[in-house]
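Morning, everyone. Let me put the model up, and then I'll walk through its core and one of its sheets.

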There are 2 protein chains.
Amino acid sequence: MAITLTILGSSSALPTSERFTSAHVLNVHEHLFLIDCGEGTQIRFRQLKQHFNKLNHIFISHLHGDHFFGIFGLLSSLQLLGRKNNLDIYSFPDLENIIINITKLFGEEFSFPITFHNLQNTKSEVLFSDKNIEVTSFPLKHRVPTCGFVFREKPKPNNIIKEKIIEFDISISDIQKIKNGSNLILSDGKVIPNSELTKPGKKSFSYAYCSDTIFLPEIVPYIKGVDILYHEATFLENYLERAVSTFHSTAKQAAEIAKLAKVGKLYIGHYSARYKNLNEFLDETKNIFAETYLATDGLKISFE
Amino acid sequence: MAITLTILGSSSALPTSERFTSAHVLNVHEHLFLIDCGEGTQIRFRQLKQHFNKLNHIFISHLHGDHFFGIFGLLSSLQLLGRKNNLDIYSFPDLENIIINITKLFGEEFSFPITFHNLQNTKSEVLFSDKNIEVTSFPLKHRVPTCGFVFREKPKPNNIIKEKIIEFDISISDIQKIKNGSNLILSDGKVIPNSELTKPGKKSFSYAYCSDTIFLPEIVPYIKGVDILYHEATFLENYLERAVSTFHSTAKQAAEIAKLAKVGKLYIGHYSARYKNLNEFLDETKNIFAETYLATDGLKISFE
């Protein structure tokens, strides 16, 4: 069981011959979460060996075409592949109308139910939660209502210390209880506190997705300390003015957010098509936040 | 000046990791005609070095997603690239409504005018004509209203025979007149008929596009003798029943149409994603129509 993040598209509004528009897939123990769905997402899905039948949740950050134009083809393909399971789509309300209008064209209903969840970009809210993961939205600031998303793995149970099992000859049923936080009561009535029997479980992973947004330090509380922050970096500082006027960020600004939020690693993407040499993006961030990496099409990141 | 056809996508409804959905670009002396616009067309456009600013006419054969889901991203990119020129789109009326609805989302008008031309699939009609080319539609038979298209280069002027220029010392202004069909009148009043001065110009090219359709011999008069016929071949004969029930054709049926229409070359495409080895398609056609070729993503065909 593993957790991986795969970058399907890393271009901003204009795709290039190598960079598709925005889409990430987060694989949490073989449950796929798709974040944004630019044109060609379903093609990258196939190219990068993702499995459609493991996809049950789609999060669309905002309704600019480079973040959702792939959803029509994706839904159509899920239909053709005979999907039956419910699909949850989290987005702003217009998307539901558009999808329904296009579906009508074909005079067919989808073979599977779709549950549309409306995002709001005035406050943070929990969108989804199961035994493994919790997904929270938070407001970004772009030309249209836009949300960022944080994926946080649920805290893991403590690990029992092997030597203690032998020392106290602990039974299997007690091991499970201790893992869940119980103390151990010995036959003579003596209580061994849980803290003496266990050590903390593996650190839970966390990943935040911030695209598209103007430089917005107000998001820091929502993304504080995440293992991996993806933050858009549409421009280099030489286009700062254009970044501001189009409500986008520069690589330098993305690094500043990462620094303020004390995240583990920063991945930048959503590059303007004007940039051929992406190393310039790293040149701009290295003195602010050294742990900066390029999110490029096809990149697979393991959380371990 | 040349005429080329480039295959941007050759898959049927489901794209594969290598085959995008339907789109062809016909380049007639640097005027581009896009025929169908499946998802990712704009990406293939870039990968195959086509130029957006030379594109003024888009023909959408029918409103199934694998033939038009790429138009949203394409139009959006033309907008971002600052297009000003009119774009002519030939399709069925619903497409205009969908495009307008999606455009509204962005709260912006397109920076360039779009002229929508409504196709009808009850009879053949001339859609476009200029000095170089005439484009005609004709009815196909699919699950929704569908048209095929024929592109015919206008007849070329006769070539003047070089020896005659010397023999009669023909002036430059007379050469032009003769090329346009005039006779030559000598100073003594003698008339040299045009047929003695000229030989026929180069053969004009013709190309027909037939996708999607059930096996339909009624189309033969419209495509008779074209240099290149593109005809869908979604299935092999082993799936004939499925071809019939979904209103598609098999490779064998495409070859039979090519034979009946006495075309120059047949290119087949729109392959079902179930087929990995496309050579099986040629095995099926070779005894019926030997001049059959595979239309695959990235193929460039020159008309010479």
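Start with the largest nonpolar core, which has 139 residues. A core here is a set of buried Ala, Val, Leu, Ile, Met, Phe, Trp, Tyr and Cys residues joined through C-beta atoms within 7 Å. Buried means 20 or more other C-beta atoms within 10 Å of the residue's own, with C-beta atoms placed from the backbone. A:Leu229 and B:Leu229 have the most contacts inside this core. Helix H10 of chain A, residues 251–261, gives the largest share, six residues. Helices are DSSP runs of H or I, at least four residues; strands are E runs of at least two; both are numbered from the N terminus.

What does B:Leu229 contact, leaving aside neighbours within four places in sequence? The partners include B:Ala208, B:Cys210, B:Ile223 and B:Leu266. Contact means C-beta atoms, placed from the backbone, within 7 Å.

A caveat on provenance. This is a predicted model: local features need pLDDT of at least 70, side-chain atom pairs count only at pLDDT 80 or more, and totals for chains, interfaces and linings use all residues. Residues are numbered from 1 along each chain as its sequence is written, while chains are lettered from A and ligands numbered from 1 in the order written.

Confidence next. pLDDT is the predictor's per-residue confidence, from 0 to 100. Chain A has a mean of 95, and 99% of its residues reach 70 or more. For the complex, the predictor gives ipTM 0.91 and pTM 0.92.

Now the sheet. Seven strands of chain A form an open, mixed sheet, ordered E6-E5-E4-E3-E2-E1-E18. Strands pair if DSSP finds at least two bridges between them. E6 (114–118) and E18 (300–302) of chain A each have a single partner strand, so one side of each lacks a neighbour in the sheet. In chain A, E1 (residues 3–9) and E2 (residues 23–28) run antiparallel, joined by six bridges. A:Gly9 has A:Ala23 in E2(A) as its bridge partner.

How values were computed
Buried ≥ 20, exposed ≤ 12 C-beta atoms within 10 Å, placed from the backbone. Contact = placed C-beta atoms within 7 Å.
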